[in-house]
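Please examine the sequence and the structure shown below.

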Amino acid sequence: MSTLTTLSRRRFVGAAGLVAGRMITRPLFGADAPSNKLNIALIGVWGRGLAHYDSLAEENVIALCDVNEKRFPDALKRFPNATTYVDWRKCLDHKGLDAVVICTADHTHAFVANWALNRNLHVYCEKPLAITVNEARTVRANWQSKNGKLATQVGMQRHALQNFNRVRELVRDGVIGDLKAAYAWGNRKIPRAGYLPAEGAPPEGFHYDLWLGPSPLHPYNPGYFSGGPGANCLSWNMFWDFGAGQIGDMGSHTMDLLWNAVDAGLPTSAQAKGEAMNPDVTPVECESHFEHPANDWRGPITVGWYQGGAMPRAPKPYIDLTKISHGAMFSGSKGFLISDFDSRMIVPFGDESDLTYYKPRAKEAVLPPVGHFQKQWFDACRDPGKKTACDFGYSSNMIEQMLLGLVAYRVGKKIQYDGKTGTSPDCPEANQLMGKMYREGWTING
Ligand SMILES: NC(=O)c1ccc[n+]([C@@H]2O[C@H](COP(=O)([O-])OP(=O)(O)OC[C@H]3O[C@@H](n4cnc5c(N)ncnc54)[C@H](O)[C@@H]3O)[C@@H](O)[C@H]2O)c1
């Protein structure tokens with residue numbers, strides 16, 4: 001079979017919507033054969049994009065897109081056969097693409113992800129998947145219509161740490177009795193007063209208007225672009241028009257630690273409080289609380305998210321939760337489980353907490369390692385019947401809950417939430433805040 005035929009077949013799986021797995025997509029000439037490589041576009045080639053280079057080098061990167069043309073020479077050294085673009089909308093129409101990796105600023109993630117899904121491309125999107133409730137819902141709806149046919153992954157790569165599934169097993173297997181509540185927190189604080197004032201002009205080759213993309217016009221200021229590689233997001237992600245603050249930043253990683261263990265869908269209510277509302281900047285200190293219905297293995301639970309100094313109460317005075325910068329705690333009828341990203345501790349309490357009720361699972365039942373997080377997605381691109389750890393179903397629910405917390409924070413009261421419609425039945429003001437206005441000419445679902 002020629003290279004072209006094999007690639008066409010793989011595209012066909014997505015384009016025609018056949019259930020993969022029924023297609024034989026394995027290589028004829030070994031895993032590294034050119035015929036088995038994915039044709040990938042990398043959108044956002046510097047910063048976080050750099051962290052994907054080594055994995056991407058094992059595939060065919062045929063398109064590179066960045067709003068900053070100065071980033072191309074180095075990227076082309078690594079991926080010399082790629083065509084360059086400054087506008088991701090044009091890049092997604094590059095002929096022969098199988099998949100796309102999105103490393104742009106947060107306010108474009110849901111846009112690029114939707115456009116890519118609509119073009120039957122497999123998608124890896126850096127976290128956060130969305131910055132409004134409605135964005136998360138649009139991506140999920142598009143993903144659902146392609147589920148099992150397109151591979152997706154959100155860049156919450158800490159999920160591959162073995163501790164994530166150890167926490168899940170312990171909670172699921174009842175080490176703390178019946179799960180009642182779960183809390184996650186992060187202590188990062190990056191206070192800003194407001195959008196930056198106009199200063200200078202974008203350097204040559206930097207397409208600031210494309211960087212703003214769907215967001216309202218804000219004057220250029222080099223302060224939005226002064227961070228080092230992979231950390232520049234900390235220069236813009238706290239502004240409402242460019243990100244979701246800590247929810248999209250470390251919050252995505254930390255809530256993932258909790259989310260992986262509770263099997264929750266969308267909440268039925270949200271309530272939040274924090275520092276005074278700033279129309280330019282998302283809150284630094286804030287906490288949000290959600291009610292989740294029972295599922296097939298547990299009763300109803302509450303989930304809490306705390307950021308920027310807000311913290312859940314420690315179960316005992318001798319436990320100092322503030323020593324964990326980004327962590328999660330699970331509260332059950334017989335104890336607590338406290339975790340950071342790569343370790344955990346169990347705090348049994350009460351007369352029934354002798355632990356005899358808890359039976360560690362057999363070795364064979366221990367959840368297998370996720371393995372290499374990016375490569376798990378590559379494998380699923382080749383066989384979309386394979387599951388990825390943070391697909392757009394799992395991840396969109398998680399971020400929708402977090403973003404609903406920001407809506408509750410803005411309206412300043414407890415709201416009921418109907419996850420079927422994405423609306424609050426008792427708070428019309430909240431419904432105005434589920435989405436946002438985009439600049440003319442930009443459509444989220446193109
Ligand atoms: N998974 C992780 O651990 C992790 C770590 C760091 C950053 N991130 C995420 O990666 C993303 C990028 O963060 P960063 O710090 O690299 O930001 P950044 O501002 O450095 O942007 C990265 C690159 O994308 C380009 N870019 C931005 N908007 C673009 C657009 N619309 N079209 C094409 N190119 C565009 C920039 O010019 C830059 O080269 C953020 O969403 C952030 O949350 C994830």
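**Overall fold**

The chain contains 12 helices and 14 strands; these are DSSP runs (helices: H or I, at least four residues; strands: E, at least two), numbered from the N terminus. Its radius of gyration, taken over C-alpha atoms, is 22 Å, close to the 22 Å that the globule rule (2.2 Å times the number of residues to the power 0.38) gives for 446 residues, so the chain is as compact as a globular protein of that length. This is a predicted model, in which local features need pLDDT of at least 70 and side-chain atom pairs count only at pLDDT 80 or more, while totals for chains, interfaces and linings use all residues. Residues are numbered from 1 along each chain as its sequence is written.

**Extent and burial**

- The C-alpha trace spans about 70 × 55 × 40 Å along its principal axes.
- Of the 446 residues in the chain, 47% are buried (20 or more other C-beta atoms, placed from the backbone, within 10 Å of the residue's own).

**Residue S331**

- S331 lies in strand 11, which covers residues 326-332.
- S331 is buried because 22 other C-beta atoms lie within 10 Å.
- Leaving aside neighbours within four places in sequence, S331 is in contact (C-beta atoms, placed from the backbone, within 7 Å) with K180, A181 and F336.
- Although 155 residues separate S331 and I176 in sequence, their C-alpha atoms are 7.1 Å apart in space.

**Ligand surroundings**

- Around the ligand there are 29 residues, each with its C-beta atom, placed from the backbone, within 6 Å of it.
- G44, W46, G47, R48 and N232 come nearest among them.

Conventions. A residue is buried if 20 or more other C-beta atoms lie within 10 Å of its own, exposed if 12 or fewer, and partly exposed in between; C-beta atoms are placed from the backbone. Two residues are in contact if their C-beta atoms, placed from the backbone, lie within 7 Å.
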